[in-house]
Amino acid sequence: MESKLWFSVANRTIGTDMSLQYSTTSFAAHKDEAPFEIEELFFSRTDERGVIAAGNEVFRRISGYSWDELVGAPHKVIRHPDMPKGVFYIFWERIKKGLATGAYVKNRAKDGRYYWVYAIVSPISGGYVSVRLKPTSKVFDSAKVAYAEFLKCEEEDGLTPEQSAVAIRAKLRDLGFPSYGAYSSYAIAQEMHARDQALSRSEDGRLQSLKNLLPTLKSLDEQQQSLFASFAKIRGIPSNMRIVASRLEPAGGPISAISQNYRLMSDEVTNHLGGFRVENGSRSLAESVMARVYQGVFMMAASRLQREVKTVASEAMTRGAEKEGFHHEVEVLTKLLDEYTLESGSVLLSVFNDVTALSRSAKDLRQLVTGLDSIRVLCRVEAGRLGTQSASLTPVIDQLDTFHVEIDKTLEHILELADKIKTLVEGAMPRSFNGSLQYHATTERPSHRT
């Protein structure tokens, strides 16, 4: 299984139960398609304004234009009117910030035929490179339906590109994706998987390991939230113990002392929970790591695609199938591939270090909880000494018993998940990083606060 398609959010983006309904208002579903094969990859390079500077022969052939018509023309020369403007708003908003971005795009050839691609646009010095593949995954089927609906909203409701972009992001959040970047990571990974299947290739094991991280991190986040909730429930226990103690014994008696010790140690445990939160406590460490794993998924899938298109371009240049000066384009693709590989490795290394620190924090926390547990035992012993007089203390002790069972179980799950995540990260690391992985894991302990 595709690790349950990462987690439940993925199922909602793929199934036929998607709430968006197909609209035929202006969505040209029956025009002829400009054919190209799944094994074909193509790319183009533009300046910072989006003016075409170069590309490969496959791009020129599918577009139907000559090089004289393409070079110097704005890239929107191949834009299809069926594309929601909100998608391009998101695209440009992100790439102008230096963020590599992927999207499904419907293009129009010179003769009016259409062709769909999944495009990854990467900022480079002086402009952008767009690498495209033929989309074939089930995510693509859902995207086409969604695009039709967003286009309908733009036309009938008069949405501006910015307003449409807001609606697109809201829909993605409803589906469970925290950002557009997370969705594009999911989409490119699914497209690469579908491409591997179509070409009878084995799926990249490193990318598979990285994809499996997401449901595991989701489980880790759930366990962390359970941990926070459990500790929130015991905040009032020391006060309740003091109230009961005031009825059972003189001031400063054994139960009062026990309640004071429990309060001090529970405060220490609560402070230690800061190791499970980042960004001034605004979100859990698992949420933060998940965002970087989405980035890593995108970078790793994109680097695979970059490697393929670079190979295709080099072979075409060797055969003399490309125009003069094409060696520069191969150099651009090679540099971009190196950057993707390094960045994906760096992201995974930071994930590994964070999860290692989280595991260490969980072990430290378990030791603190063991100290709390000993105080709970003392409380039960003292209740036994008091006999029938301790009836009012019994509910407090029962609450402590329940808390410690819950917390022990949760911490055990967190430690198991942290170990699983570290193993998956090791399996996903690029070869050039594996040698340094253990060094960083044992010598660095990054701060969890930003």
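**Close-up views of a predicted model**

**View 1. Helices H9 and H10 are roughly antiparallel to each other.** Angles over 145 degrees get that label, under 35 counts as roughly parallel, 65 to 115 as roughly perpendicular, and the rest as oblique. Here the axes of H9 (residues 237–248) and H10 (residues 254–272) cross at roughly 170 degrees and come within 8 Å. On the H9 side the contact is made by Pro238, Met241, Arg242, Ala245 and Leu248, while H10 brings in Ile255, Ser256, Ile258, Ser259, Tyr262, Arg263 and Ser266. Sorted by class, that gives 7 nonpolar, 3 polar and 2 charged residues. Nonpolar covers Ala, Val, Leu, Ile, Met, Phe, Trp, Tyr, Cys and Pro; charged covers Asp, Glu, Lys and Arg; the others, Gly among them, count as polar.

A few ground rules for these views. This is a predicted model, where local features need pLDDT of at least 70 and side-chain atom pairs count only at pLDDT 80 or more, though totals for chains, interfaces and linings use all residues. Residues are numbered from 1 along each chain as its sequence is written, and side-chain values use heavy atoms, with hydrogens and water left out. Helices (H or I, at least four residues) and strands (E, at least two) are DSSP runs, numbered from the N terminus. Axes are lines fitted to C-alpha atoms, for helices over the stretch in contact, and angles run from 0 to 180 degrees between N-to-C directions. Contact means heavy atoms within 4.5 Å.

**View 2. Helix H12 packs with H11, roughly antiparallel to it.** The axes of H11 (residues 285–319) and H12 come within 8 Å and cross at roughly 155 degrees. The crossing is left-handed, that is, the near helix is turned anticlockwise from the far one by less than a right angle (clockwise would be right-handed). By class, the contact of H11 with H12 holds 19 nonpolar, 10 polar and 5 charged residues.

**View 3. H12 also packs with H8, and this pair is roughly parallel.** H8 (residues 205–233) and H12 (residues 327–386) sit with their axes 13 Å apart, at an angle of about 30 degrees. Their crossing is left-handed. From H8 come Leu210, Leu220, Gln224, Leu227 and Phe231, which meet Leu348, Leu358, Leu365 and Val369 of H12. The tally for this contact is 8 nonpolar, 1 polar and no charged residues.

**View 4. Five strands form an open sheet in the order S2-S1-S5-S4-S3, with antiparallel pairing.** Two strands pair if DSSP finds at least two bridges between them. The edges are S2 (52–55) and S3, each pairing on one side only. From one strand to the next, the twist averages 30 degrees.

**View 5. S3 and S4 make a hairpin with 5 residues between the strands.** Within it, Gly112 takes a positive phi near 95 degrees. S3 and S4 (residues 114–124) pair in the antiparallel sense over 8 bridges. Lys106 has Trp116 as its bridge partner in S4, and Ala103 has Ala119. S3 (residues 101–108) has 7 of its 8 residues buried, so it is largely enclosed by the rest of the structure. Buried means under 20% relative accessible area, exposed over 50%, and partly exposed in between (1.4 Å probe, protein chains only).

**View 6. Ala119 is located in strand S4.** At 4% relative accessibility, Ala119 counts as buried. Leaving aside residues up to four places away in sequence, Ala119 touches Phe91, Thr101, Gly102, Ala103, Val105, Ser130, Val131 and Arg132.

**View 7. Ser200 is found in the loop between H7 and H8.** Its phi is near 55 degrees, a positive value in a residue other than glycine. Most residues other than glycine have a negative phi. At 70% relative accessibility, Ser200 counts as exposed.

**View 8. The chain as a whole has 14 helices and 7 strands.** Of its 450 residues, 53% are buried. Among contacts with a separation of 6 or more, 75% join residues 24 or more positions apart.
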